[in-house]
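Colleague: I would like to go through the charged pairs in this model. Could you take my questions one at a time?

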Amino acid sequence: MLANELGRRGVDVVLVDLKASTAVNPQANATQARSMEHFRRLGFSEEIRALGLPEDYPTDIAYFTRFSTYEIARVELPSARDAKVAVRNTNGSFSAAEPPHRVSQKFVEGVLAKHAKSLATVSVNFNWALTDFTDTGHDVEARLVNTVTGETRTIRALYLFGADGPRSLVRRQLGFDYIGEGSADRDFMGGRMLAMYIHAPQFYEFCPHPRSWMYWTFNGERRALMAAVDGTGEFAFHTQLRNGENVQEIDDKTCLQYFEQAMGISIPLTILSRDSWLAGRTLVADRFHSGRVFLGGDAVHLFTPTGGMGYNTAIEDAVNIGWKFAAVVKGIAPPSLLDSYEAERRPVAQRNTMHARRFADSVGLYRPSPAIEDDTSAGIAARRRAGAYLSAHARAEFNIPGFTFGGRYDGSPIIVSDGTPAPPDSPTAYVPTGNPGGRAPHVWLKDGRSLFDLFGFEWTLLRLGGKPTDPTPYVQAAAKLGVELKVVDCNDEEAFDLYEADLALIRPDQVVAWRNSSRKSVSAEEVLGRVTGRQAVQQ
C-alpha cells in the first residue's frame, strides 16, 4: 500500500520482501469501508470488489453448536452486490464512498502488488531480505540478501520503512519494545491457534443451514471459526489448541479430527496449508520511528483479529505516512513533518487494539451451558440464551462505524484545531463531523456522485454553502509553498451542515486539517504553514 502511495506521487521506492510472492494463504478477511475508500482513491476498489466471494454470496455471521447440527444465532448481512447498491442510499454514520468487502488478504495483496509494479518509480523485489541497516543521519544504508541465491546488495535511501511483521528486524534493531498484553486467558481467542486453509467443496452439502461468510462453533469439544474464502469450497479454519495439544506434534490426521469435531461429521476435504498463531495479544510499540527509520503494521501493533482491525489499521498507517514522505522528499515540507506520523498513528493503534480486545473478551470469555447440544428442553433453553448473547455480540463486533471512520488525530502538531469538542469515541457509533482531525464527512451528492470523488489526490479546499469565502489567499499560500491544492465547490445543504463551515481544508488522506470556524481566525499563510509542518499556530 505504501509503495502505491509513493509511486503514485513519483517517489522512487525499492520494496523488498523475503517471501517468493504475495500471500498464498487467506490471512485477513474483512476489508472495512475506510480501506475500500482508500482503494477507490487509488483507482482499484472495483478490481478488489470483484474478488473473493461471488457477488451474490451472503456475508452473514452465523453461530452453531457444530456446523452440521444446531444453528444458534445469525446476523444477516448483504452480499457484495446488494451492499454496493445500498451504500448509495445510506446516510449519517454509514455514509461512505464504498461499503466494506469480505475478501481475503491474499486477493488484496495481489492487486496491490500488480499496481505497485506498474508504477515507473517502484521496484518490487521478492526473495530479498533486509539483514541490517545503518541510519547515517543523511540517509539509510540497507544491506540485503537474496534468500534463493545468497547474493548480497547494499542500497542507500533517504528513508527506511519497516513493515516486517511481529518479529520485525527493524523494530528489534532500533530497540523498540511492545507495550500491553502479550497473551490472554480465554476459552477462545486467547492462546495458541491452529490455522488451516482447506478445500472442502462438499461442505455446503453437509451443512444444513443457509450459506454464511463466517461460521463459529460452540460446543464442549471444539471451539472454532471458519471464513469462506471463495464461496465455492475454500475456507480458512481456526481453532484454539487446548492443554496437551502441542502444535509441534499435530499432523494432518489430527487436523482433520479437529475439523470433524467442529463439523460434527466427517466430510471430504483437502488441507492446502496449515500454521499456528497466538491470539490474545494487545500490543503497541513504544516508538514508531527513530531518525530516518519508520515502522508500520504488525511491526508496531499486534491485535487479536476480532473486528478485522489489524489489517485495516495497517492500511491507514501506509496512507498516513505516504503523503508525508512524498512531501518531504519533494521539498514541499520539512523533515519535521514526519514526526506527526507517530503522534497521529500511535494513539489510534492504542485505541484500535483496545477495541479489538473488548470484542475478543466478549466472544472468547463466553461459555455457553454444557447442555447446549442436548436434544432436551434444557438444551433448547441453552441455545436460546446463547443465541441472544451471540446475536448481540455479533451486532457489536460487525457493526463498527466508530472503528471504521472514527479514528482521530486530535492533538496532532499539523492539525489546526478550532477548539470545538470531538464527538464521543465508540467502535459502534460514529458521528460525522467537520471538526479538524477526523475523516472528512462523506455525502452522496444530488447528481449521484460521491463527495470524495471531487477531492484532489493531494490537498483539497472545500468551499461549502451558497456564498463561500474567497479561496484566493489559500490558493496563493499553497502555490508559494509548492502545495498542490484543488478548490472544490459544493453547494449541498447536508455537506454544509456536517462541516459547519464554508471552507474546509482536506488533507491527501481525506482528513480535515482545518476549517474556517467562527471560533478562531487564522490566516491562510498560517494554516498552510501549520498543516505542512512549517510553522506552529497558536491554539
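This is a predicted model: local features need pLDDT of at least 70, side-chain atom pairs count only at pLDDT 80 or more; totals for chains, interfaces and linings use all residues.

Modeller: To begin, the side chains of Asp-252 and Arg-274 form a salt bridge, with an N to O distance of 2.7 Å. Asp-252 belongs to helix 8 (residues 252–263) and Arg-274 to strand 16 (residues 270–278), 22 residues apart.

Colleague: Is Asp-252 buried, partly exposed or exposed?

Modeller: Buried needs a relative accessible area under 20%, and exposed needs one over 50%. Asp-252 has 40% relative accessibility. The value lies in between, so Asp-252 counts as partly exposed.

Colleague: How many residues apart in sequence are Arg-9 and Glu-458?

Modeller: Their side chains meet in a salt bridge at 2.9 Å, N to O. Arg-9 is in the loop between helix 1 (2–8) and strand 1 (13–17). Glu-458 is in the loop between helix 12 (401–405) and strand 21 (459–464), so the pair ties together parts whose separation in sequence is 449 residues.

Colleague: Is Glu-342 buried or exposed?

Modeller: Glu-342 lies in helix 10 (residues 339–364), and its side chain forms a salt bridge with that of Arg-287 (3.7 Å, N to O). The relative accessible area of Glu-342 is 17%. Buried means under 20%, so Glu-342 is buried.

Colleague: Which residues are linked in a network of salt bridges?

Modeller: Side chains of opposite charge can pair when their charged atoms come close. In this network, salt bridges link Asp-132, Asp-139, Glu-141, Arg-143 and Arg-156.

Colleague: How many salt bridges does the count come to?

Modeller: A pair counts when a side-chain nitrogen of Lys or Arg is within 4 Å of a carboxyl oxygen of Asp or Glu. By this rule, the count is 39 salt bridges.

Technical notes
Residues are numbered from 1 along each chain as its sequence is written. Side-chain values use heavy atoms; hydrogens and water are left out. Helices (H or I, at least four residues) and strands (E, at least two) are DSSP runs, numbered from the N terminus. Buried means under 20% relative accessible area, exposed over 50%, partly exposed in between (1.4 Å probe, protein chains only).
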